[in-house]
Amino acid sequence: MKIVVCIKQVPDTKGGVKFNPDGTLDRAAMMTIMNPDDKAGLEAALRLKDQYGAEVTALTMGLPKAADVLREAIAMGADRGILVTDRVLGGADTWATSQTLAGALRNLEYDLIITGRQAIDGDTAQVGPQISEHLNIPVISYAQKLRIEGDSVVVERQFDDRYHVLKAKMPCLITALAELNEPRYMTPGGIFDACSAEITVWGRNDLKDVDDSNLGLKGSPTQIAKASDKVRKGVGEKVALDPAEAVDYIVGKLKEKHVI
């Protein structure tokens, strides 16, 4: 079994976010982590590797420093990492990103493609299903549990307060929820192997059957009109009152705002 896991290096929002003049994220200036949903998808692939001896390839698109997230995947147990990076791919929305990843996936053999449900920097949940459309393979999204039956994958798909049970013949694509599992830690041996592992790097010319008009910022139909960092609240109104006066003051303010 050959499994490809699409992972993304996303900003660690605890450290704040920064923007370029064109409204896109300044990823080079921010601390990064592996996207949580993608990490659960990677763990699902590694469990299938443990069970069936599957070959796991981690694939990402990003800046050259995104190789770090591939080394993390290798340290967890992935067999190899592929980085797709090129200046012409920068500023891509979900459409251009999915076109890029699909172009890379056409170079690979796979039975199962696993992506995260969505990335914490965009929260669109669009890239995985779009990849399946480009590759013309089935997709099951919002996976909270999965298992293999012969040449098919059976998935519990989260749905409100219940779930659907869906079965698809491979090759197919699954989008994973962070609740799918508890990802394993990197092992000391895995970290050692990851440090010496060779990361495969592909550029624009390595993408198959993708038109330039569908790549990067110019190929993105979604354009950002305006972006800003966290809105800072004002100081507010400060008053010094005794307890009885404070109660009357608060009640008055609540009435003024029509809260009570």
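User: What should I know about the model before I start?

Analyst: It's a predicted model, where local features need pLDDT of at least 70, side-chain atom pairs count only at pLDDT 80 or more, and totals for chains, interfaces and linings use all residues. Residues are numbered from 1 along each chain as its sequence is written, and side-chain values use heavy atoms, with hydrogens and water left out.

User: What pLDDT does the chain average, and which elements have the lowest and highest means?

Analyst: pLDDT is the predictor's confidence in each residue, from 0 to 100. Here the chain averages 90, and 91% of the residues score at least 70. Among the elements, strand β2 (residues 9-11) has the lowest mean, 88, while β1 has the highest, 98.

User: How many helices and strands does the chain have?

Analyst: Helices (H or I, at least four residues) and strands (E, at least two) are DSSP runs, numbered from the N terminus. This chain has six helices and 11 strands. Its C-alpha atoms fill a box of roughly 75 × 40 × 40 Å along the principal axes.

User: What percentage of the residues count as buried?

Analyst: Buried means under 20% relative accessible area, exposed means over 50%, and partly exposed is in between (1.4 Å probe, protein chains only). Of the 260 residues, 42% count as buried.

User: Which residues of β6 are buried on each side?

Analyst: Start with the general idea: in a regular strand the side chains alternate between the two faces of the sheet. Now the case: L112, I114 and G116 are buried on one side of β6, and I113 and T115 are buried on the other.

User: Which strands pair with β6?

Analyst: Two strands pair if DSSP finds at least two bridges between them. Strand β1 (residues 2-6) pairs with β6 in the parallel sense over four bridges, and V4 stands opposite I113 there. Strand β10 (residues 172-176) also pairs with β6 in the parallel sense, over five bridges; in that pairing L112 stands opposite C172.

User: What do the buried residues of α4 pack against?

Analyst: Helix α4 (residues 127-135) has G128, Q130, I131, S132, H134 and L135 as its buried residues. They pack against β1, α3 (94-105), β6, β7 (139-149) and β10. After α4 comes N136, with a positive phi near 60 degrees.

User: Why does T60 count as buried?

Analyst: T60 counts as buried because its relative accessibility is 0%. You'll find T60 in strand β4 (residues 55-61). Contact means heavy atoms within 4.5 Å. Leaving aside neighbours within four places in sequence, T60 has contacts that include I7, K8, Q9, I82, L83 and V84.

User: Is P183 buried or partly exposed?

Analyst: P183 is partly exposed, because its relative accessible area is 22%. It's in the loop between β10 and α5 (188-196). Beyond neighbours within four places in sequence, P183 is in contact with K39, A40, E43 and M76. P183 and R47 are 136 residues apart in sequence, with their C-alpha atoms 9.8 Å apart in space.

User: For the whole chain, what percentage of contacts join residues at least 24 apart?

Analyst: Among contacts between residues at least 6 apart in sequence, 70% join residues at least 24 apart.
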